[in-house]
Each structure stands twice: as C-alpha cells, then as structure tokens.
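Here is a short report on a two-chain model. Look at the structure first, then read on.

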Amino acid sequence: MSKLNLDQMNDLYADVLKELGNIGAGHATTALSQMLDMRIDMRVPNVKLLTFKELPSVISAEDEPIVGIFLLVESDIAGNMMFVLRLSSAHYLVNRLLGRADDYDEPFDEMDVSALKELGNIITGSYLNALSELTGMRIAASVPYISIDMAGAIMSVPAIEFGKYGDKALLIESEFGDEVMIEGYFILLPELDSYDKILASLGINV
Amino acid sequence: MGNVIKVGMADLQIAKGSDSLITLGLGSCVGVALYDPVSKVGGLLHAMLPDSTQIHQNSNKAKFVDTGLDILISKMVDAGASKSRLKAKLAGGAKMFAFNDNSNLGGIGDRNAEAAKKKLRTLGIRLIAEDTGLNYGRTVELYCENGDYHIRSVGHGVKII
C-alpha cells in the first residue's frame, strides 16, 4: 500500500508534479507545433488538486459537450492518462490539421474523430516520453480511446479512479496556441504505488 | 415552479413538493432516485463506486451505492417519507470509453448499476424504471411533485421514466 495520500499531498509533491506537468506539456506543445507546422507558445501549467464537486465543471458546464482522450499507461508505472479539450478548441485544432477554415464547426465526422485521436496520441505520447526520460522509467501507452460527451460524464471516468484512493483529483491545466490560445487539461492517474515510484526515481523520499 | 436543487458527484440531496433534484452529466456513476408519492419527498444519490467495503478510504458515504442509499433513506424518513412507500428509479452506469468490458475500467458503470439493484432488493424497495448502461452521459432530474425522472442526453433526446 502506498504511503502517499493525495488528500494530504504536501507542497513538495505538488511542486514535483507541477514540474513534471510543465516538462510534459512543454514536450507536447513542441510535438503539436511540428504536427500543425505552426509556432505554438505555452503558458506555465497550473496544477490543481480538486474535490469531486469541483472537478466535473472545471472545464465547462457539466452538461456541455467536451472531448476526452483516454489512454491506459503500462510498463514500469501503471495507470491512466486523459487529455481533455473544449469542443471549440477541438474544432480549431482539427480544422488546422485538415487545412479547413478556422470557423468550420460542423459536427465531427469519422475523419475528424480519427484526427482528434491522432492529436491526442501525439500530445499524450510526447508528455509520457518526457516523463519517461526524466524518471528513467519505461512508460508505454495503449491506443487512444475517445469520447465526445457531457463534461460531467467524461470527468466521471477519472473521478471514479481517483475515488478509489481519496476524495480529490489532480488536474494539470495548460494553455497553448499562437494567435488563438487553447486550453488543454491533462489528468494523470498513476496507481498510487506508481506515484511513489515516480517520486523515488527523482530522489524524493516518500 | 419550485427550487432546483443540485446534486454533485459523490453527493446526495432530498427535496419535497414542487422542488426538483438535478444531476448534470452523469457518466459511469449512477443516479438513484427514490420517491414517496404520498409525502412527495424525493431523494437523489449520485454515487461513484459500488461498494464501500471494498475501498480503504470510505469516509465519504455518498460516494458509494451501499452507504449512500442508507443515508439517503434515513434523511428522507426524517423529512416525512415512509420507507415502505419508497419506489426507485435508476439512471447512469454508462461506459464512456470503449474499453474492454472485462477490464476494471470498462465494467465500472455496469457494476454501479448492479450494486444499486442489489442494494434496493436488500432494502425491499422496488425498482420501477431504469435507463442505464450504453455509452453516453445523462443529465437527470427528479420532480418531487409527481416522481417523474427526466433524462436528457446529447443526441439521444429526452426520456421520462
């Protein structure tokens, strides 16, 4: 059983996880920039520890549709990762990727969904690569799963996973873009033993 | 029109008469609605996990189907409901991502719905309607005036059960 309890996470853990978030999101931004062939800046991400009451509505109203891309993480650490985007941001990125006008906002078709999956794959993949380099651990991800539905319903999936360990969830909010800033949210869900492994690999005693 | 009382994730609330209880964007969690047609007392539980005895950190009772229902019923009885008159309606328990059914993640919605049915049987409360499973989110609202349970979703219309 892990000694770490997320509800009682101290400033040191928060700083470490924030730094991991920062580096991961930095790599993800570079990957996105190459994929879309445009310059993308990123603001320093914000790491938030949220209660279940706050989590479902942090991205948009609970009954508004958002895009969630979910991956299973395995190898040296086990867990899940989710990348979440507002619908408007998802439209913007897909339009860029497929060379459409910025204001095109027809419902996503099969091609759009597969473009979104690919975006999610690249973003989360480069995030996990950064984490892997930093910690020296092998980290592999599954194929991406996607859902476009009410924010509350999508956020219930990571919330339930966090719910097994405590009453809070960890969210990494990052903002990136060029002329239009896009907010993307990473939710890292290592199993608790994996938190210990990550921190230990960085020389931090839990 | 009465008040609309919001029920968050891992939360439960009761209401009476012209008021209603709402949960926005129910996913793999379940929304268990209980109603007493005589006193017009309604209760809504938004539970995340099936069984409090399987989880070490179980102090938040509304997080679990089993302990959440016990507390919901005692609150409703305190507000004037009779336990023997309670009827249940159930929604949620969706599978939001196309994970393998046998995986821990893929099966959680089903396990939540099953746990609710089992607990209701143990309590002797009849489940009179349900809208569970499938792969989409639901916004649910229980009207305490008549016990109607309205279920809205993206692209699947409105259902009243």
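The buried residues of α1(B) are B:V65, B:D66, B:T67, B:G68, B:L69, B:L72 and B:M76. Buried means that 20 or more other C-beta atoms lie within 10 Å of a residue's own; exposed means 12 or fewer, partly exposed in between, with C-beta atoms placed from the backbone. The buried residues of α1(B) pack against β2 (11–16), β4 (30–36), β5 (41–47) and α2 (108–123) of chain B. Contact here means C-beta atoms, placed from the backbone, within 7 Å. Helices (H or I, at least four residues) and strands (E, at least two) are DSSP runs, numbered from the N terminus.

This is a predicted model; local features need pLDDT of at least 70, side-chain atom pairs count only at pLDDT 80 or more, and totals for chains, interfaces and linings use all residues. Residues are numbered from 1 along each chain as its sequence is written, while chains are lettered from A and ligands numbered from 1 in the order in which they are written.

Helix α1 of chain B covers residues 65–78. Its 14 residues should span 20 Å at 1.5 Å a residue, and its end C-alpha atoms are 20 Å apart, which agrees. The expected span is 1.5 Å times one less than the number of residues. Just after α1(B), B:G80 has a positive phi of about 110 degrees.

Now the strands. In β6 (residues 87–92) of chain B, five of six residues are buried. Strands pair if DSSP finds at least two bridges between them. The pairings of β6(B) are these:

| Pair | Sense | Bridges | One facing pair |
|---|---|---|---|
| β4(B) and β6(B) | antiparallel | six | B:V30 and B:G92 |
| β6(B) and β7(B) (residues 126–132) | parallel | six | B:L90 and B:E130 |

Chain B has two helices and ten strands. Their order is β-β-β-β-β-α-β-α-β-β-β-β. Of its 161 residues, 48% count as buried. The C-alpha atoms fill a box of roughly 45 × 35 × 25 Å along the principal axes.

The contact between the chains takes 24 residues from chain A and 26 residues from chain B. On chain A, β2 (65–75), β5 (145–150) and α4 (151–163) each supply at least two residues. The largest share, nine residues, comes from α4(A).

How confident is the model in chain A? Its mean pLDDT is 80, and 88% of its residues reach 70 or more. pLDDT is the predictor's confidence in each residue, from 0 to 100. Confidence in chain A is lowest in β1(A) (residues 41–51), at a mean of 74, and highest in β5(A), at 94.

Note on methods:
Two residues are in contact if their C-beta atoms, placed from the backbone, lie within 7 Å.
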